[in-house]
Amino acid sequence: MTATSDPHMIYLAGYPERLSGPVRTMIAEQRLGAVLQKRYPEGHDVKNDKALYQYVDKIKGQYLRGSYPLSRVNYDSKINVVKHALGLHTTTARVQGNKLKSKSEIQISSIFRNAPEPFLRMIVVHELAHLKEKEHNKPFYNLCMHMEPDYHQLEFDLRLYLTHKQLSGQA
């Protein structure tokens with residue numbers, strides 16, 4: 001069975017068997033949750049929208065100082081994780097007088113309110129990268145890696161976390 005045909009492996013669709021096979025074994029042996037807990041034992045204190053804005057703005061200030069300021073950052077319980085959306089970014093531009101005003105917003109799925117901090121950081125880095133690179137292309141992932149060197153490992157582990165949440169009925 002491939003990751004794409006196994007309903008428990010929707011977050012790992014597209015990954016080769018050498019990666020998805022061991023995950024399938026951990027699921028069968030009911031060890032996935034324990035493995036994740038051991039690897040990511042700590043949560044974070046970024047529980048409300050104000051704290052999230054400060055968290056995102058700090059990372060943005062460190063890596064993307066020249067980009068447009070963020071007008072809003074918030075947790076959103078309406079973002080549908082099943083449809084593979086973990087965060088959203090929007091940029092709107094409007095003319096005000098003779099100036100062009102731009103407004104950028106980031107919304108993060110509320111599932112990250114109680115997730116391990118590295119997963120929150122990974123999704124924030126992902127959404128911040130969209131401020132400079134709109135497409136999921138090589139420059140986009142290079143920027144993600146610049147802001148978070150473990151980006152690809154965290155993305156894979158986040159997919160494991162979402163798989164565990166799905167299996168336990170929490171996603």
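1. A residue counts as buried when its relative accessible area is under 20%. With that in hand, here is a starting point for this predicted model: buried residues make up 42% of the 171 residues in the protein.

2. A friendly word on confidence before you zoom in. The average pLDDT of the protein is 85, and 82% of the residues score at least 70. Helix H5 (residues 138-147) has the highest confidence, with a mean of 97, while strand S2 (residues 87-96) has the lowest, with a mean of 50. Where pLDDT is low, the predicted coordinates should not be read in detail. Please keep that in mind when you look at strand S2, whose mean is 50.

3. Now try tracing the chain. Along the sequence their order is α-α-α-β-β-β-α-α-α. Contacts tell you how the chain comes together: among those with a separation of 6 or more, 62% are between residues 24 or more positions apart.

4. Next, the aromatic rings. A pair of aromatic rings is described by the distance of the centres and the angle of the planes. The protein has 5 aromatic pairs. One of them joins Tyr15 and Phe156: the ring centres lie 5.0 Å apart and the planes meet at 65°, which is over 60 degrees, so this pair is edge-to-face. Where do Tyr15 and Phe156 sit in the chain? Tyr15 belongs to the segment before helix H1 (17-28), whereas Phe156 is in helix H6 (residues 151-167), so the pair links distant parts of the chain, 141 residues apart.

5. Are these two partners buried or exposed, or something in between? Tyr15 has a relative accessible area of 22%, so it is partly exposed. Phe156 has a relative accessible area of 12%, which is under 20%, so it is buried.

6. A second pair to look at is Tyr40 with Phe119. Their rings are 4.6 Å apart, centre to centre, with 50° between the planes, and the pair is tilted. It too links distant parts of the chain, 79 residues apart: Tyr40 lies in the loop between helix H2 (32-39) and helix H3 (49-63), and Phe119 lies in helix H4 (residues 117-132). Both Tyr40 and Phe119 are buried.

7. One last thing to find on screen: which residues do ring pairs link into a cluster? They are Tyr40, Phe119 and Tyr161.

Key
Residues are numbered from 1 along each chain as its sequence is written. This is a predicted model: local features need pLDDT of at least 70, side-chain atom pairs count only at pLDDT 80 or more; totals for chains, interfaces and linings use all residues. Side-chain values use heavy atoms; hydrogens and water are left out. pLDDT is the predictor's confidence in each residue, from 0 to 100. Helices (H or I, at least four residues) and strands (E, at least two) are DSSP runs, numbered from the N terminus. Buried means under 20% relative accessible area, exposed over 50%, partly exposed in between (1.4 Å probe, protein chains only). Contact means heavy atoms within 4.5 Å. Rings of Phe, Tyr and Trp (its six-membered ring) pair if their centres lie within 6.5 Å; planes under 30 degrees apart count as stacked, over 60 as edge-to-face and the rest as tilted.
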